[in-house]
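User: I'm just getting started with structures, so please zoom in on one spot and talk me through what's there. After that, carry on to a few other places worth a look.

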Amino acid sequence: MKKDKLKIGIYELTGCAGCALLILDCENELVDIFQAADIQSFLMAKSDNIDGELDIALVEGSVSTEKDIEELMDIRKRAEIVVAIGLCSMVGGIQGRFCDEKEWKENFKKVYGDIEMTHTKPIQSKPIDAYIKVDYYLPGCPIGKEQFLNFFTRMLRGNPPERYPQPVCVECKYNENDCLLKNGILCLGPLTSGGCGAICINHNLPCVGCWGPVEGGNWTSEYYLLKEKGFDDELIKNKMANFSGTKIAEVSEQLIK
Amino acid sequence: MNGENKCMNQTNPYLPEAARIVRTYPLTEDVKFFQVRLVDMEKAISFKYSPGQFAMISVLGAGEAPFSISSTPSRPGLLEFCIRKAGTVTNAIFKLKENDHIGIRGPYGNGFPIESMHGKDIIIVMGGLGAAPLRSVLLYCLDNRDIFGRVALLHGAKRPAEMILREEFFALKERNDLECYLTVDADDTGKWKENIGVVTTLFPLLKDINPSKTFAFVCGPPVMYKFVLKELIKLNIPKNQILMTLERRMKCGVGKCGHCAIDYIYTCIDGPVFTYWDVIHMRELI
Amino acid sequence: MKIVKLKKENLFSFLEAISEEAELWAPVQKYENKHSFQLIKDFSQIDLKYTRTILPPKKLFLPPTFNMFLATEQGYEEDFSHATKKILFGVHPCDIHGLLILDRFFQHVFDDPYYSKARQNTLILGLSCWPDENCMCKSTNTHIIEEGYDLFFSELENDYLVWIGSSQGDDCIRIKPGFFDEDITDEDIQIYIKWQNERDKAFQVDINFVAMPDLMELKYENPIWEKLGDACLACGSCSNVCPTCNCYNVLDKPLLNKDTSEIGRCWDACTLESYSEVAGGENFREKRAQRLKLWYTHKLQAYISKYGKPACVGCGRCASTCPVDINVQTVAKALEGKDMDTFWNRLSKEVTK
Ligand SMILES: Cc1cc2nc3c(=O)[nH]c(=O)nc-3n(C[C@H](O)[C@H](O)[C@H](O)COP(=O)(O)OP(=O)(O)OC[C@H]3O[C@@H](n4cnc5c(N)ncnc54)[C@H](O)[C@@H]3O)c2cc1C
Ligand code: SF4
Ligand code: SF4
Ligand code: SF4
Ligand code: SF4
Ligand code: SF4
Ligand code: FES
């Protein structure tokens, strides 16, 4: 069943490039990856990049300039499958945490003053699915090595990637950690997509939500629980919005007036 | 059947057996027929199952899923499946061609208690993909025609193109030892000569039912059950003589993973065949 | 049954002698007052005064994640690497009852070789215990144990009374016959009976488990479930820590550039949203309330069909784990129509999703 190699492109919009770096960091497998697929474009790894038709485009970073929109639209046109990799691309990233246009403008001014951006116009940071249809999502900040290799191998065989429908608490319990939330520490594990191996809690640090919101998370109950444990509205809102910004705008509006 | 392990691998029920696809062709737009043979000939011949049982089929790299065995144990050697494209595993199965490798384990589930129905009348009501498990019952009855009383088949599909195995069923209409009634909800071809309407519109064609010696088999999409069951009750068929199969998510098929649980009933070992009487008592279904 | 006596100071030497060819696992303090069964390298780590471990012994027989076999087109290669020879010391009665339920479950109709092999390769050395505020085993009648162990150590003042429960247990005793005294005095018996009586009185939780199956049936449609569903975080922790939860998922993990997959298994939980999903995004138990009903059906009403008993062994782990205080105690109280609001009044009244 030999057929043409899959044509893959890896792109970076606005983000820290950590996800792309992680792919490069798969040292032992990198040769295999380049052998198994035809990597057409990967700015961080090679210079002879081609912008042609693609089987799969992996997009890292959020959309935060008009140039990002153009690039993203072009990618969508060329690629059969678009995969959002990493939190920025999926949810908008930390840079997307101000969900409200006005709030965003104020903050922009605070940081950059009144200067005009000449090369491209900055806009409020949004996940890529605010502009295009996304076929699959790979959560993480950055994505995980094992997760990426599993994804890559499945795609090579024409199978969709695994989903990450379970909260961090699952892996946290696999590792037999004592529950921080139960002990009155603000842990976002129950609201956050698992897959990271509960690495923070393994080191006795609470989950800050960096893999983005899990499907079906019960934000309401956790909010009231945290209130009961003595945390104030502002802190809860900040923590919840930090990584999950755009996707929980409604939730936080409902809960925290 | 229940309470004993009769699957192929007696020491590790999770290990599949290698099998190859002998024949495959499309039945409808999203359903394909697969004829499969275990690579180990001895196992292929000795594979014993009863109608209504299922097997777990695996494709390397994609995963595993349960499928009803559509062939009949009265024709050993080959196993047949009708598979609808639904997600990861089924998509991977759809890409396979003749002679490609798959993994099979089983058979699992209780199956229909067909052995205890000798001399009885049989009504088979199928809709859509419900034909997959019930074809096994039907072929079994036909292969052992003399040990059953009357045999009636009621088969419904949405449109003519969606009636799976239609040639096979049309051929049955020629037989005089079986009542075969076919229907479609709507005919978009203009060439359909059989009944038009939902499957329950076929019930008036069933004349002179002797309810106490009749067993009814029902399988189809969820909406169908409600109406078909009503008709069967109208015919006074006892609730414990109405048999149906239930579908749940299944990860192991052997009563361990918990995914098929309905309360404390495990569909994979306690079912998938239940009587209407059993089902009435399942809280989670109501 | 044969009962012998062991001096306390000889316990560790005895464990050392019998674990020469097997891994010794025993309770170790992992966090302040939170324990875990761990592989023992240094005997001073063992904490004999623990009450419960975060994860129950099931983690040794079916680890949270493990590989069942390698699959290729050429064949399948079984992997039983988790089923090493082990001695598990310090198991309390509730957990031994938990294992007896899992034994039954994993042998029902089909034998699960991954469980059975690991179980056969493990000796269970039980240890007596003292209840804390979450222990409910007296109510579930699992506070004493008659079977399911190879040796059981009951603590007296200076000695242990050692019950020998199996022929392998007996073999262990024979490795160090000098340590064991067959002469159990009247005084020893008096101390033991007194201890038993005092322990019985020390239980702080009393639940009428006998009434629970009926209450589950009668209150199946009661709005309390919605309320519980509002509070549940759908985190799955209750299942992961419960000694009688068995559910798991199967994963096909293809290896890069090889036509090989690792077929693995990981614990799953019916309280998670993804548990009852089927193709096309349908979900048989979309609401948290529906999922909790299944959980409590299994714990309070009935477990395996044709076996029929509820599966709670009263270990108290759900109580010490659930962040929002949904556990056998609070649910039982709710079913009995008692003070729901003390546990869930944090939820605003209008929340009903
Ligand atoms: C006893 C039994 C007999 C069946 N017989 C047939 C048959 O003859 N022909 C046929 O086409 N289909 C049959 N099915 C349904 C078939 O198993 C599902 O369509 C298949 O599991 C979908 O898997 P997937 O990976 O392609 O879909 P995905 O959506 O990718 O799978 C998601 C998960 O849900 C499970 N799942 C999804 N849908 C179902 C379902 N309806 N029932 C059970 N589990 C599901 C899968 O195991 C998988 O783990 C049967 C199911 C059962 C329980
Ligand atoms: S510590 Fe955090 S991630 Fe772990 S179980 Fe508790 S809430 Fe979940
Ligand atoms: S629940 Fe009972 S058996 Fe278990 S630790 Fe507590 S007192 Fe001991
Ligand atoms: S009942 Fe508690 S432990 Fe269980 S899933 Fe809900 S919140 Fe988590
Ligand atoms: S309570 Fe839930 S997780 Fe536990 S065994 Fe039952 S179905 Fe499985
Ligand atoms: S339901 Fe709770 S108390 Fe009962 S066995 Fe499970 S974790 Fe222990
Ligand atoms: S499919 Fe695993 S228990 Fe039924």
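**A close look, starting from a loop**

Analyst: Start with A:Ile115, which sits in the loop between helix H5 (101-112) and strand S6 (122-126) of chain A. Helices (H or I, at least four residues) and strands (E, at least two) are DSSP runs here, numbered from the N terminus. Keep in mind that this is a predicted model: local features need pLDDT of at least 70, side-chain atom pairs count only at pLDDT 80 or more, and totals for chains, interfaces and linings use all residues. Residues are numbered from 1 along each chain as its sequence is written, chains are lettered from A and ligands numbered from 1 in the order in which they are written, and side-chain values use heavy atoms, leaving out hydrogens and water.

A:Ile115 teams up with A:Val111 and A:Tyr112 in a nonpolar surface patch, with about 320 Å² of accessible area together. Patch residues have over 30% relative accessible area and no salt bridge; like charges are joined within 9 Å, and nonpolar side chains (Val, Leu, Ile, Met, Phe, Trp, Tyr) within 5 Å. The areas come from the Shrake-Rupley method with a 1.4 Å probe, and for residues only the protein chains shown count as cover.

And salt bridges? One is a side-chain nitrogen of Lys or Arg within 4 Å of a carboxyl oxygen of Asp or Glu. One joins B:Asp30 and B:Arg84, at 3.6 Å from N to O. These partners are 54 residues apart: B:Asp30 is in the loop between strands S1 (17-26) and S2 (31-38) of chain B, and B:Arg84 is in strand S5 (residues 79-84) of chain B.

Back in chain A, A:Glu171 belongs to helix H7 (residues 168-174). Leaving aside residues up to four places away in sequence, A:Glu171 touches A:Gly194, A:Gly195, A:Cys196, A:Gly197 and A:Ala198; contact means heavy atoms within 4.5 Å.

Most residues other than glycine have a negative phi, and most peptide bonds are trans. Yet A:Cys141 and A:Pro142 are joined by a cis peptide bond, omega about -5°, and A:Pro142 lies in the loop between strand S7 (136-138) and helix H6 (145-156) of chain A. Another cis bond joins B:Gly271 and B:Pro272, with omega about 5°. B:Asp263, not a glycine, has a positive phi of about 55°.
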